[in-house]
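Hi everyone, thanks for making time.

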Amino acid sequence: MPGFFFSAQLLLYACIQALHNLGAVAIVGGGAAALLLARRSPGMQRTLVWVITLGWVNQGVTGILFGATSYYYDGRLPDIHGIALTALFLKMACAVLGIILGMAYLYFERGWSGAVQRWILGSDFGLGVTALTAAAFLRWFS
C-alpha cells in the first residue's frame, strides 16, 4: 500500500482544512465577541470586524484551494451532488455576503447608528453559523 501512511495530497488537504477551520473560528468567534463583548468599545468592534472579514476571505481562498487540489491530483473537481452541492453553494453565498457586510461595515460604520452596527454584526454572525452548519452537511453528504 504505497502512500498509505503518507500522502502529499492528504497532507495538503489536512493543511488546507486546518486553515479553513481557523477561518471559521475567526468568523463565529469574532462575531460572538463583537456582539457580546465589544459593544462598549467601537474600536474593538472595528478590529473584530476586520478579523471576521479576513476570516470570510480565508474561507473563500481555502475553498478554492480544496477544489484546486482535487483538480491537480485527480484531474477533476470533486463529484458532489444533491444536499452536498446545496451546502457548498450556501457556504459560498455566506462567504460572499460576509465579505460584503464586513467591507460595508468598515467603510460606513461611522455614519451608522449602534442599532444598525449591531444588526450588521448579528447578520454576519448568523451567516457564520449558517456556513458552519452547511459545512457539516457538505462533509457528510459528499
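This is a predicted model: local features need pLDDT of at least 70, side-chain atom pairs count only at pLDDT 80 or more; totals for chains, interfaces and linings use all residues.

Residues are numbered from 1 along each chain as its sequence is written, and side-chain values use heavy atoms, with hydrogens and water left out.

Now the overall picture. The chain has four helices and zero strands, and along the sequence that reads α-α-α-α. Helices here are DSSP runs of H or I with at least four residues, strands are E runs of at least two, and both are numbered from the N terminus. The C-alpha trace spans about 60 × 30 × 20 Å along its principal axes. Of the 142 residues, 35% are buried, meaning under 20% relative accessible area with a 1.4 Å probe, protein chains only; exposed is over 50%, and partly exposed lies in between.

How do we describe two packed helices? By the angle between their axes and the distance between the axes. Axes are lines fitted to C-alpha atoms over the stretch in contact, and angles run from 0 to 180 degrees between N-to-C directions.

Take α1, residues 8–36, and α2, residues 42–74: their axes come within 8 Å and cross at roughly 160°. That makes α1 roughly antiparallel to α2, the label for angles over 145 degrees. The residues of this contact divide into 17 nonpolar, 14 polar and one charged. In that count Ala, Val, Leu, Ile, Met, Phe, Trp, Tyr, Cys and Pro are nonpolar, Asp, Glu, Lys and Arg are charged, and the others, Gly among them, are polar.

On to α3, residues 82–108, and α4, residues 114–140, which pack at about 160° with axes 8 Å apart. So α3 is roughly antiparallel to α4. In contact terms (heavy atoms within 4.5 Å), the α3 side includes L88, K91 and Y105, and the α4 side includes D124, L127 and F137. That contact divides into 17 nonpolar, five polar and two charged residues.

Finally, where is G111? In the loop between α3 and α4. G111 counts as exposed because its relative accessibility is 69%.

Key
Angles under 35 degrees count as roughly parallel, over 145 as roughly antiparallel, 65 to 115 as roughly perpendicular and the rest as oblique.
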